[in-house]
Amino acid sequence: QLQLVESGGGLVQPGGSLRLSCAASGSTLDQRAMGWFRQAPGKEREGVAEISSGGGSTNYADSVKGRFTVSRDNNKKMVYLQMNSLKLEDTAEYYCAASQNFPLRAGVFTGPPTPDEYNTWGQGTQVTVSL
């Protein structure tokens, strides 16, 4: 059974950068789309970025386009989220998730990343952007 563990969160000043990692175990990743989501206190979980199973297609929420980059290494069973130019409003718990949804695996994205399309989740890592 696939398990996901996030790491790399922390405290950073506005304008700074962080790189989140998601390590998979128990199964391979090459038949799954992977996504990053976040949830701030009192808010619903929202999609940040997602990547097709082969890594050739990506999709981002408008709020992070041009600042965040999602990537994956299926051989290492790792997924990454490079976050640059961080803003105060990026503060949240960040989650890695996996999906076997075929369109997502193929890189057919019809809107922002959606939590309901993902069925395996990590435990989260906290990102705090503060002065």
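Because the model is predicted, local features were required to have pLDDT of at least 70 and side-chain atom pairs were counted only at pLDDT 80 or more, whereas totals for chains, interfaces and linings use all residues. Residues are numbered from 1 along each chain as its sequence is written, and side-chain values rest on heavy atoms, with hydrogens and water left out.

In soluble globular proteins, nonpolar side chains tend to be buried together. A nonpolar core is taken here as a set of buried Ala, Val, Leu, Ile, Met, Phe, Trp, Tyr and Cys residues joined through side-chain atoms within 4.5 Å, where buried means under 20% relative accessible area, exposed over 50%, and partly exposed in between (1.4 Å probe, protein chains only). The largest such core comprises 29 residues, and those with the most contacts inside it are Met 34, Trp 36, Leu 81, Met 83 and Tyr 94. At least two residues of this core come from each of strands S3 (18-25), S4 (33-39), S5 (46-51), S7 (68-73), S8 (78-83), S9 (92-99) and S11 (125-129); helices (H or I, at least four residues) and strands (E, at least two) are DSSP runs, numbered from the N terminus. When residues up to four places away in sequence are not counted, Met 83 touches Gly 16, Ser 17, Leu 18, Leu 20, Arg 67, Phe 68, Tyr 94 and Val 127, a contact being defined by heavy atoms within 4.5 Å. A second, separate core has six residues, among them Ala 33, Phe 37, Ala 97 and Tyr 118.

Aromatic pairs were assigned to rings of Phe, Tyr and Trp (its six-membered ring) with centres within 6.5 Å, planes under 30 degrees apart counting as stacked, over 60 as edge-to-face and the rest as tilted. Three aromatic pairs were found by this rule. The rings of Phe 37 and Tyr 118 have centres 5.0 Å apart and planes at 70 degrees, so this pair is edge-to-face. Phe 37 belongs to strand S4, whereas Tyr 118 lies in the loop between helix H1 (102-105) and strand S10 (120-121), so that the pair links distant parts of the chain, 81 residues apart. Both Phe 37 and Tyr 118 are buried. The pair of Tyr 95 and Trp 121 is likewise edge-to-face, with 6.5 Å centre to centre and 75 degrees between the planes, and it links strand S9 to strand S10 across 26 residues. Tyr 95 is buried at a relative accessible area of 13%, while Trp 121, at 27%, counts as partly exposed. Ring pairs link Phe 37, Tyr 95, Tyr 118 and Trp 121 into a cluster.

A charge is said to sit over a ring if NZ of Lys or CZ of Arg is within 6 Å of the ring centre and within 35 degrees of the ring normal. The charged end of Arg 45 sits over the ring of Tyr 95, 3.9 Å from its centre, and also over the ring of Trp 121, 4.7 Å from its centre.

One disulfide was found, the criterion being a pair of cysteine sulfur atoms within 2.5 Å. This disulfide joins Cys 22 to Cys 96 with an S to S distance of 2.1 Å, and the link is left-handed, with -75 degrees about the S-S bond. Cys 22 in strand S3 and Cys 96 in strand S9 are 74 residues apart. Cys 22 is buried, with a relative accessible area of 0%, and Cys 96 is buried, also at 0%.
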